[in-house]
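Here is a short briefing on one protein model. Read it with the structure open beside you.

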Amino acid sequence: TIDSLIGVSTCIEGNVLFKGGLRIDGHVKGNVIAEAGQSSMLVISEHAKVEGEVRVAYLVVNGEIAGPVYSSEFLELQPKARITGDVYYKALEMHGGALVSGKLTHDQVGETVLKLAAPKLAANT
């Protein structure tokens, strides 16, 4: 169920924290993060763009994401999906035409995906 909508002519600069269902048709310059421990659904339509980290249980992408993606349950990449960043998922469905420029990492215990810390770069020794 989709509870909220960010319309095609809307641009948000800042983080979006939500619970339940969210559909993005516009542009978000910031992280889009669902409340941990709750069932959550995010739909990123073909006209949408997110510049930031995405953390959600169920994710359907047909637009563009520039940043890391964490999906603790199910990730569907539709034909016009474009992700530039690493993707962490429990279950994945990828349609022909979808593009990921980054590392795909399968995680069997989905809830830990939402709690992952940002990776640290190795220090030069």
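**Salt bridges, core and surface**

The model is predicted. Arg-23 forms a salt bridge with Asp-25, and their closest N and O atoms are 2.9 Å apart. Asp-25 is buried, with a relative accessible area of 14%.

- Lys-49 is partly exposed, at 27% relative accessible area. Glu-64 is partly exposed too, at 32%.
- Glu-73 forms a salt bridge with Lys-90, and here the closest N and O atoms are 3.8 Å apart.
- This pair also links distant parts of the chain: Glu-73 sits in strand S11, Lys-90 in the loop between S13 and S14, 17 residues apart.
- Glu-73 is partly exposed, with a relative accessible area of 28%. Lys-90 is partly exposed at 31%.

**The nonpolar core**

- The largest nonpolar core has 26 residues. Those with the most contacts inside it are Ile-24, Val-32, Leu-42, Val-54 and Leu-59.
- Several strands each supply at least two residues of this core, including S4 (20-24), S7 (40-44) and S9 (54-61).
- Which strand gives the largest share of this core? S9 does, with four residues.
- Leaving aside neighbours within four places in sequence, Ile-24 touches Ile-6, Val-32, Leu-42, Val-43, Ile-44, Ser-45, Ala-48 and Val-50.

**Strand S7 and its partners**

- Four of the five residues of S7 are buried, so this strand is largely enclosed by the rest of the structure.
- S4 and S7 pair in the parallel sense over five bridges.
- Met-41 has Tyr-58 in S9 as its bridge partner.

**A nonpolar patch on the surface**

- Leu-92, Met-94 and Leu-104 form a nonpolar patch on the surface. Together they have about 230 Å² of accessible area.
- Leu-92 is found in strand S14 (residues 92-94).
- Is Leu-92 buried or partly exposed? Leu-92 counts as partly exposed, at 31% relative accessibility.

Notes. Residues numbered from 1 in each chain as written. Predicted model: local features only at pLDDT ≥ 70, side-chain atom pairs only at ≥ 80, totals over all residues. Heavy atoms only, no water. Core = buried A, V, L, I, M, F, W, Y, C linked by side-chain atoms within 4.5 Å. Buried < 20%, exposed > 50% of the residue type's maximum accessible area, 1.4 Å probe, protein only. Contact = heavy atoms within 4.5 Å. Pairing = 2+ DSSP bridges. Patch = residues over 30% accessible without salt bridge, like charges linked within 9 Å, V, L, I, M, F, W, Y side chains within 5 Å. Areas by Shrake-Rupley, 256 points an atom, 1.4 Å probe, with all protein chains shown as cover. Salt bridge = Lys/Arg side-chain N within 4 Å of Asp/Glu carboxyl O.
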